[in-house]
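Student: I would like to take a close look at one part of this model, namely its charged side-chain pairs, and I would welcome a careful account that also places them in their surroundings.

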Amino acid sequence: KRAFWLPRLSLQADFTRELSDGGVGARGSLPPGALPFELPDENSWSLGLSASIPLFAGGQRFATRSRATEELHRARIERDAAAERIAQRVRAALHAAGASRAAIRLSRDAAEAAKNTVDLVTDQYSRGVVDILDLLDAQNAALSADLAAANAVYDFLVDWMEVERASGKFFFFMTDAQIDAWFDQLKTFFQEARATQ
């Protein structure tokens, strides 16, 4: 917008110095007054300042201004879209971490139930009520449940690292006070998000 009324200023400076002069006709080889004119000094300088305002540019300035306005608008939309993608990634990572954290408790409960089942089937096998295949199936289910309970912890840690990557905050490098402040911000964010829905 300023291009419509702000002049274009240019400043130009030049400085030259003659370092050496020699040979026939050099400055020091002629007696004073031998030439009808005076030789210039060894140093010369010039300084120039100019200002110009193009009165007519064929609508170029209007087109340039319109293009700059549209590019600024596009950049703002891209910034908002990037912010929404980041927020979406953080939300998705938090929901996945919440689900995997709940899965820790559920898989531990399943492992405990599978262990109780093994105890019951072992008792029934010792009394001859069930055969060896039922006992092996119960032991296999208990082993699988124990492995699932152990894997649930690691799944939660993987999901939590995704939360940290998405939010750009790594709790390993933060103090306890900073972690508490971040969780307070997170609670406030989710409360505001629920209020707007």
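Student: To begin with, how many salt bridges does the count come to?

Tutor: The count comes to five salt bridges, and since this is a predicted model, what follows describes computed geometry. For orientation, the chain contains three helices and two strands, which follow the pattern β-β-α-α-α when read along the sequence.

Among the salt bridges is the one that R89 forms with E162, where the closest N and O atoms are 3.0 Å apart. R89 belongs to helix α1 (residues 60-126) and E162 to helix α2 (residues 132-167), so this pair ties together parts that lie 73 residues apart in sequence.

R165 is exposed, with a relative accessible area of 54%. Through shared partners, the salt bridges join R89, E162 and R165 into one network.

A further salt bridge links the side chains of D123 and R127, at 3.3 Å from N to O. Here D123 is partly exposed, with a relative accessible area of 38%, whereas R127 counts as exposed at 58%.

Turning from charged pairs to nonpolar side chains, L11, F15, W45, L47 and L49 make a surface patch of about 700 Å². Strands β1 (8-17) and β2 (43-52) each supply at least two residues of this patch, and the largest share, three residues, comes from β2. L47, which is found in strand β2, counts as exposed because its relative accessibility is 60%, which is over the 50% limit.

As for the chain as a whole, 16% of its 197 residues count as buried, and its accessible surface comes to about 15800 Å², of which 58% belongs to carbon and sulfur atoms. Finally, among contacts between residues at least 6 apart in sequence, 71% join residues at least 24 apart.

How values were computed: Residues numbered from 1 in each chain as written. Predicted model: local features only at pLDDT ≥ 70, side-chain atom pairs only at ≥ 80, totals over all residues. Heavy atoms only, no water. Patch = residues over 30% accessible without salt bridge, like charges linked within 9 Å, V, L, I, M, F, W, Y side chains within 5 Å. Areas by Shrake-Rupley, 256 points an atom, 1.4 Å probe, with all protein chains shown as cover. Salt bridge = Lys/Arg side-chain N within 4 Å of Asp/Glu carboxyl O. Helix = DSSP H or I, 4+ residues; strand = E, 2+ residues; numbered from the N terminus. Buried < 20%, exposed > 50% of the residue type's maximum accessible area, 1.4 Å probe, protein only. Contact = heavy atoms within 4.5 Å.
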